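Colleague: I have a new model to learn from today. Please take me through it one step at a time.

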Amino acid sequence: MGAPLTGYNSLADALAKAQLGHEIAFRAIYEHLVDRIFSFVRPRARSRDEATDIVQDIFVDVWGAMPRFTYISDAHFYSFVFTIAKRRLIRHYKTHTHESLDDFEQYELPRIEADIVDPDGMQKLVNQLSEKYREVVTLRYFSGLSFAEIGDLLGTTETNAKVRHHRALKELRELMQKYE
């Protein structure tokens, strides 16, 4: 998924050691996942610094939850981590803003106001998708997850994740045509 797990044969091996409290094993897991988690959080944060803080909190939560995690597969672990990330984002906005979660959408979903040729143009288009489509596109392209991992994370089947992805891309094409 991410960077190689330096010093470990597999994710399962690193997880087994991390669950026993080995910080070096957890560090390898962190290095393996941090870029993907940051890619997931950054579009949902108001700034790069805020995203970095949230990512740090996510890994603190992962470390705390490690003893309760039962390894089934790599995809199951990724789903576990991304679920923690989603919950941390919700907690962050509940405690760091005075707005309701409905107002959170205003920050998460800026509307296109300028020509989409700027570097953030595609992200602006993605942000206009409905939540279920935006989430699939973000997990697929910004976090690099497989459809099986996305399905596991979203509590649905791999096939349903593919269908959502297909529909999201269709919607994106339509949005792009509006701004050509």
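Modeller: Happy to! Buried means under 20% relative accessible area, exposed over 50% and partly exposed in between, with a 1.4 Å probe and protein chains only. This is a predicted model, where local features need pLDDT of at least 70 and side-chain atom pairs count only at pLDDT 80 or more, while totals for chains, interfaces and linings use all residues. Residues are numbered from 1 along each chain as its sequence is written, and side-chain values use heavy atoms, leaving out hydrogens and water.

Colleague: Is Ser 143 buried or exposed?

Modeller: Ser 143 is found in the loop between α7 (131-142) and α8 (147-154). Its relative accessible area is 0%, so Ser 143 is buried.

Colleague: How many helices does the protein chain have?

Modeller: Helices are DSSP runs of H or I with at least four residues, and strands are runs of E with at least two, numbered from the N terminus. From that end on, the elements run α-α-α-α-α-α-α-α-α. The protein chain has zero strands, and its helices number nine.

Colleague: What percentage of the 180 residues count as buried?

Modeller: The cut-off of under 20% relative accessible area is applied here. Of the 180 residues of the protein chain, the buried part is 41%.

Colleague: Which helices are included in what covers the buried residues of α3?

Modeller: Helix α3 covers residues 48-65 and reaches 26 Å from its first C-alpha to its last. Its buried residues include Ile 54, Ile 58, Phe 59 and Val 62. What covers the buried residues of α3 includes α2 (23-41) and α4 (74-96).

Colleague: Why does α3 count as oblique to α4?

Modeller: Axes are lines fitted to C-alpha atoms, for helices over the stretch in contact (heavy atoms within 4.5 Å), with angles from 0 to 180 degrees between N-to-C directions. Under 35 degrees is roughly parallel, over 145 roughly antiparallel, 65 to 115 roughly perpendicular and the rest oblique. The axes of α3 and α4 come within 9 Å and cross at roughly 125°. That angle makes α3 and α4 oblique.

Colleague: Which residues of α4 make the contact with α1?

Modeller: Helix α1 (residues 11-19) and α4 pack with their axes 10 Å apart, at an angle of about 55°. That makes α1 and α4 oblique to each other. From α1, the contact is made by Leu 11, Ala 12 and Leu 15, and from α4 by Asp 74, Phe 77 and Tyr 78.

Key:
The expected span of a helix is 1.5 Å times one less than its number of residues.
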